[in-house]
Amino acid sequence: AVFKETGLIGYLSGNEARGLNWIDGKVESCVLIVDDENKHKVSLEVIESKSNLKLKMENDAPQVTIDIEVTSNIGEQMSQDDIYDENELVLLKNKQNGVVKKEAEEAINFAQKNNVDILGINNVIYHKYPLEWDNIKNNIREVLKKAKITVNVKSKINRTYRIKDPIRMQGGE
C-alpha cells in the first residue's frame, strides 16, 4: 500500500514492489527466471543485492542515477543444454540485468505517475542540497514528477555449480 499524506493512493504490484526493493537495496533473496540462448527457462537464485542512489541538481531539477548490483547462482535449468560457457553466462547476466532494471523502472513509473516520493529523493535533496531545497520545497511534487531517473544494473553469476551433464528425461516425461 502506498500513502500520500493521510490517504491511500494505490498498491504496488508484485514487480513494482520488488522494483522498489531493488532500488532500496532490500532484496536479500529471490528467484529470477530468464530464458537461455535456446529459449529454455533458467532459474537464477539471487543471493545478494546492493544499490546506490546518486543525485545531482541542475537548475533546480534532480538528476538521479540508481546503481544496482545483483549476485546470483544458477539454481535450475529446464533443458539438457550446456549453459556454462562464457557466452551463455554473459547472456544470462544481461537477461538478469534486464529483469531487475524493468522492475525498478516500474516502481519509478508508479512514483512519478502518482506523484509520490517512495524512492526517498526528497530526503536526499534536503540533506545534500539544502539551498536548492529551499527553492523547490513548495513545488517538490512537480519537480520529482519531471526528474530524470536512470537505472544501471550490474549482475554477477557467482556459482554455476558446474553441471556438466544435466539429468536427462526418460520416457514421455
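**Salt bridges**

I counted salt bridges and got six. My rule was a side-chain nitrogen of Lys or Arg within 4 Å of a carboxyl oxygen of Asp or Glu. The model is predicted, so I asked for pLDDT of at least 70 for local features and 80 or more for side-chain atom pairs, while totals for chains, interfaces and linings use all residues. I number residues from 1 along each chain as its sequence is written, and side-chain values use heavy atoms, with hydrogens and water left out.

I looked up R18 and E103. Their side chains form a salt bridge, N to O at 2.7 Å. The pair links distant parts of the chain, with R18 in helix α1 and E103 in helix α2 (residues 86-113), 85 residues apart. I take helices (H or I, at least four residues) and strands (E, at least two) as DSSP runs, numbered from the N terminus. R18 is partly exposed at 22% relative accessibility. E103 is buried at 5%. My classes are buried under 20% relative accessible area, exposed over 50%, and partly exposed in between, with a 1.4 Å probe and protein chains only.

Next I checked D67 and K54. They form a salt bridge, and the closest N and O atoms are 2.7 Å apart. This pair also links distant parts of the chain: D67 sits in strand β5 (residues 61-77) and K54 in strand β4 (residues 41-58), 13 residues apart. D67 is partly exposed at 21% relative accessibility. K54 is partly exposed too, at 41%.

I then turned to K102 and E106. Their side chains meet in a salt bridge, N to O at 2.7 Å. The two are four residues apart in helix α2, so about one helical turn separates them. K102 is partly exposed at 49% relative accessibility.

**E16, a buried charge**

Which side chain of opposite charge is nearest to E16? I found K113, 6.5 Å away. For charge, I count Lys and Arg as positive and Asp and Glu as negative; His and the chain ends are not counted. E16 is buried and has no salt bridge. I place E16 in helix α1 (residues 14-24). The E16 side chain does reach the backbone nitrogen of S13, at 2.7 Å. I also listed the contacts of E16 (heavy atoms within 4.5 Å). Leaving aside neighbours within four places in sequence, E16 is in contact with Y11, E103, E106, A107 and F110.

I found L12 in the loop between β2 (7-10) and α1. L12 is partly exposed at 21% relative accessible area. Not counting residues up to four places away in sequence, L12 touches V2, A17, L20, F110 and I118. I also checked L12 against N59, 47 residues along the chain: their C-alpha atoms are separated by 31 Å.

I noted a nonpolar surface patch of F3, L8 and Y11, with about 360 Å² of accessible area together. F3 belongs to strand β1 (residues 2-4). F3 counts as exposed, at 52% relative accessibility.

**T71**

Is T71 buried or exposed? T71 is buried, at 13% relative accessible area. Beyond neighbours within four places in sequence, T71 is in contact with E45, V46, I47, E48, K156 and N158.

Definitions and conventions: Patch = residues over 30% accessible without salt bridge, like charges linked within 9 Å, V, L, I, M, F, W, Y side chains within 5 Å. Areas by Shrake-Rupley, 256 points an atom, 1.4 Å probe, with all protein chains shown as cover. Polar contact = N/O pair within 3.5 Å; in protein donor to acceptor, adjacent residues only side chain to side chain.
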